[in-house]
Amino acid sequence: MVDLPTRARAVIIGGGVIGCSVAYHLTKLGWQDVVLLERKRLSSGTTWHAAGLIAQLRASANMTRLAKYSQELYGDLETETGIATGFRRCGSITVALTDERHEELRRQAAMARAFGVEIEEITPQEVRERHPHLDIEGIVGGVYLPKDGQGDPANIALALARGAKARGALIQEGARATGVARDGVRVTAVRWQAEDGGTGTIACDHVVNCAGMWGRDVGEMLGAPVPLQACEHFYVVTTSIPGLTQLPVLRVPDECAYFKEDAGKILIGAFEPAAKPWGPPSEDFEFDQLPEDMDHFAPILEAAVARMPMLAEAGIQTAFNGPESFTPDDAYHLGLCPGTDNVWVAAGFNSIGIQSAGGAGMALAAWMDRGGKPFDLGDVDIARMQPFQRNRRYLRERASETLGLLYADHFPYRQKATARGVRRSAVHRHLAERGAVFGEVAGWERANWFARPGQPAEYGYSWGRQVFFDNVAEEVASLRTDVGLYDMSSFGKLRIEGPDAEALLTRLCAADVAVPPGRIVYTQMLNEAGGVEADVTVTRLSETAFLMVTPAATVTADKSHIARQIGEARAVVTDVTAGEACFALMGPRSREVLQSLTPDDLSAEAFPFGTAREIEIGLGLARAHRLSYVGELGWEIYVSTDMAAHVFETLLDAGPRLCGLHAMDCARLEKGFRHFGHDMTSEDHVVEAGLGFAVRRSGGHIGAEAVARVRETGPSRRLVQFRLTDPTPLLYHNEPILRDGRIVGVLTSGAYGHTLGAAVGMGYVPCAGESADDVLRSSFEIDVAGHRVPAEASLSPFHDPKGTRLRS
């Protein structure tokens, strides 16, 4: 009969590779009373049938860092545990069959160099030299990563488990978590039932959901939603091919296929555009596979045989179909679950679980041990998900697309096509009727740009100037020279109120929020290291009530951050995003237009910058906030949802041009305004981000000591703005920055500066012991797909550096 302890510091639910990794890394940090519950056998869900590809390069520096860590770990595990992981560096090749894909690969190669990943851009002939069985017809070019590798997924999991057990963890197979006990927002105990009939309860300080494709259901049990959906994933393994020797892993994303040589056979797998959602999985699933569907897989297999003709002579030894879990945005889930104080998750690895598990387990264990993120994990933080995203129909529809997006062209501004229209502004129909082309953020449909009459209201993707380039140029011109109107209703709105609301926000916010009602404060919430946890505005509505406005994508994270800090304070935080619409009226003529619609005095003297007040507009009432994210005179007009359509129609009748959020982003970059998640994150010091002006010197807030230290010693790096000297190339983000010919960083964000006549961006430049003038005396270039483009550098905005326009 299974006999488990009645108390543990952490209970991990799920014994796949990620659960074993979390246990391994917690014990490595000295946590001995760790219990892992696996309902069947270790690795018996998804891990055992994974392809075992272990690449280094990911879409951001920190995700690449975690993937590289996984490689290093797997290479050392056999020595530590005695279990062979099968890890070997065979290299990998990715080829392009189109010019657009080749541009993507060249940009990835430039990014890889900045991230310290060894990579070579290779010609079709060089592709054939490294993969001689390949038909190179149609191949435009490729990239070769010599240190990529492959491994044995099940043995990697078993090695991690053995390492965890050697340091005191209890790994229990055949025991299923069946329920929990709670005290408020904490899980206090996990109930379990063993296959042999034994039952029990383990009191715990932490619980970690590593349940893989069962993660959604386990999340429901824990009171912590985890949006993921299993999809069928297909591959075939050939019979032995005489004379076949070790080959690099080959990816042909334009044909949706990857190829792996293993023991003289070839494995061919697919990430097809229209995947097959599957499930929910049963509790009895163990080392199982799903029914074959060769009709579904056949088109990819036929293309694979044409690409590698020797496969036509090989037989198929195995035709495999197994489930793997996918998330709504193709990024895995990691971290502390919103609405809880001790429920963690590591799940939904989107077919990259083996290459991610080592690093993800290390990062989560460090987060649990320190009580804070060890570095920025915003790409995968579970707090980015919205509550509605656990909806089963939504997940099935979205997962049918996200599997294929792994190998789709990763064009800038690419929007998801499935499960759309869930969250809409009160004026969505008004925008659609006027040519709005929508994108999606956090489920919100947002007007990104407006098509002209007769122009298709849809994206046409490219790495070059996309179909909306001229449209956005006209919209930015209206914001700069006339007046534009755009919908900001999706931006998060958090109401913090109660007798202790001011004291709470004084501790959380770096700026002084103890201001009179009607004042707006731009501020950041920091961590103890001075990193930026949130970038917000706080408007004091009354003596006891404040409104915090935050990006749509981070409202759940920001609300959770505030809620965890309330403690005994007499204050509450409420998400009121859906209760108010927000329309931004911006541009030199914005005062003239708005004044024509209200009897209230909008003069600079009566309504100065950084203030908010109620105004009459049309037949209704609104609260106007005088501030701007585009660097021009303007107001954000907040109006209750019931009056939103009327107020919007009233504004439209006054003649402003409708603008989209692409124009807003271009304008904010010209003005040097930062964007949270790109230009500043939890590991970017607020002073180094150029936001020291927004931090009060009196202290008393989280991160105050770290701010004081950097103010005294000077920043070790600075966020610098760049403008290309050539008007043709385009910038997006992660393009390498070269200072005096040497790579020193990457762009955190980029767009075309239509007012400035060239692409603009910003990124961090190391400068320890240097003055601002020392930095600016250097010569800078930006690497755009392998081409070094000279750039002008500045620490002040290129547009209206003194800020006179928005304060006029």
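Let me begin with a hairpin, formed by strands E17 and E18 with 6 residues between them, where Gly339 in the turn has a positive phi of about 80 degrees; strands here are DSSP runs of E with at least two residues, helices are runs of H or I with at least four, and both are numbered from the N terminus. This is a predicted model, in which local features need pLDDT of at least 70 and side-chain atom pairs count only at pLDDT 80 or more, while totals for chains, interfaces and linings use all residues. Residues are numbered from 1 along each chain as its sequence is written, and side-chain values use heavy atoms, with hydrogens and water left out.

E17 and E18 run antiparallel and are joined by 4 bridges, where pairing requires at least two DSSP bridges between the strands. Within this pair, Leu334 stands opposite Ala346 in E18.

Leu334 also takes us to the largest nonpolar core, which has 51 residues and counts Leu334 among those with the most contacts inside it. Such a core is a set of buried Ala, Val, Leu, Ile, Met, Phe, Trp, Tyr and Cys residues joined through side-chain atoms within 4.5 Å, buried being under 20% relative accessible area with a 1.4 Å probe, protein chains only. Among the elements that give two or more residues to this core are strand E17 (333-336), strand E18 (343-347) and helix H8 (353-370), and H8 gives the most, with 8 residues. Leaving aside neighbours within four places in sequence, Leu334 is in contact with residues including Ala360, Leu364 and Trp367, contact meaning heavy atoms within 4.5 Å.

Note on methods
Buried means under 20% relative accessible area, exposed over 50%, partly exposed in between (1.4 Å probe, protein chains only).
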